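Hi everyone, thanks for making time.

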Amino acid sequence: MMSVTPIPALSDNYIWLIRQDTSQSVCVVDPGEAAPVIDILEREALTLDTILITHHHQDHVGGLDALIKRYSPRVIGPDNPDIQGIDVRVRDGDQVRIMGRLFDVMATPGHTLDHISYFAPGIPALLFCGDTLFCAGCGRLFEGTPEQMFSSLNRLAELPEDTLVFAAHEYTQANLTFARAADPDNDAVTYTLQECEKARALDRPTLPSTIGRELTINPYLRVGTDSVRQAAGCQGSNDDNLATFTTLREWKNRF
């Protein structure tokens with residue numbers, strides 16, 4: 001059985017540690033810093049076999065150099081020459097084997113142009129989506145366009161509803177607070193916020209989410225609903241889902 005463990009890093013990042021229960025070899029996703037990864041590897045006598053990178057931002061690659069020097073893992077990441085240390089550069093449609101399981105590489109630009117996500121079908125299905133899809137939210141558009149991010153989110157939304165969503169940041173409470181404003185008639189948002197507040201009070205992560213839950217609570221995946229369109233002021237006959245998404249994303253930037 002494959003297990004996934006969060007390693008808290010920086011102020012609100014999660015570095016995800018992937019392992020098979022019967023093996024001491026592990027994979028980590030987006031090591032923004034090295035120290036917390038080294039700590040768990042040494043404490044539990046684990047071997048760092050592979051690193052997955054979703055995009056080039058420093059809070060996702062900041063620990064890469066130190067981990068490479070110490071453990072010499074295989075490093076898989078976007079086909080972006082600006083990211084130093086990648087051994088296997090992958091693009092949309094490629095497949096990589098991680099801990100004995102096959103992962104599909106999905107191009108998910110929007111937050112950055114080089115952003116990719118990793119999806120492993122099966123039971124359970126796993127999605128490592130970096131800063132594209134968050135619980136109840138999505139990443140800021142630093143390099144990409146609204147069209148790119150909207151397309152990326154829709155692509156992820158088509159994955160099986162029981163897919164576990166491992167986003168890279170603990171942004172859930174802030175995202176749900178915005179979702180209450182953007183989707184005010186949605187009781188599921190209020191309930192989920194209450195549950196997440198309880199989890200954070202106990203210093204527990206609110207992740208992973210699931211695709212099914214995101215379809216219920218994430219306003220960026222609900223832009224076709226009357227409640228979200230009305231809150232965004234996008235109810236005219238000439239407005240479309242992309243226009244609503246763009247309005248929501250700009251509203252969240254100021255929220």
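Let's start with residues 12-169: the end C-alpha atoms of that span lie 6 Å apart, and the span is 21% helix and 35% strand. Helices here are DSSP runs of H or I with at least four residues, strands are E runs of at least two, and both are numbered from the N terminus. In UniProt, an unreviewed entry lists residues 12-169 as "domain: Metallo-beta-lactamase"; such annotations may be inferred rather than shown by experiment, and the positions are given in the numbering used here, with feature names shortened.

Some housekeeping. This is a predicted model, where local features need pLDDT of at least 70 and side-chain atom pairs count only at pLDDT 80 or more, while totals for chains, interfaces and linings use all residues. Residues are numbered from 1 along each chain as its sequence is written, and side-chain values use heavy atoms, leaving out hydrogens and water.

Six strands make an open, mixed sheet, in the order 7-8-9-10-13-14; two strands pair if DSSP finds at least two bridges between them. Strand 7 and strand 14 (209-210) are the edges, each pairing on one side only.

Strand 7 (residues 95-98) runs antiparallel to strand 8 (residues 101-107), with 4 bridges joining them. Val96 stands opposite Phe103 there. In the hairpin, 2 residues sit between the strands, and Met99 takes a positive phi near 50 degrees.

By core I mean buried Ala, Val, Leu, Ile, Met, Phe, Trp, Tyr and Cys residues joined through side-chain atoms within 4.5 Å, and buried is under 20% relative accessible area, with a 1.4 Å probe and protein chains only.

Last stop, helix 4. Its buried residues are Met149, Phe150, Ser152, Leu153, Leu156 and Ala157. They're on the same side of helix 4, because they cover an arc of only 160 degrees around the axis, taken from the directions from the axis to the C-beta atoms. They pack against strand 8, helix 7 (211-217) and helix 9 (241-254), among others, with contact meaning heavy atoms within 4.5 Å.

Notes:
Buried < 20%, exposed > 50% of the residue type's maximum accessible area, 1.4 Å probe, protein only.
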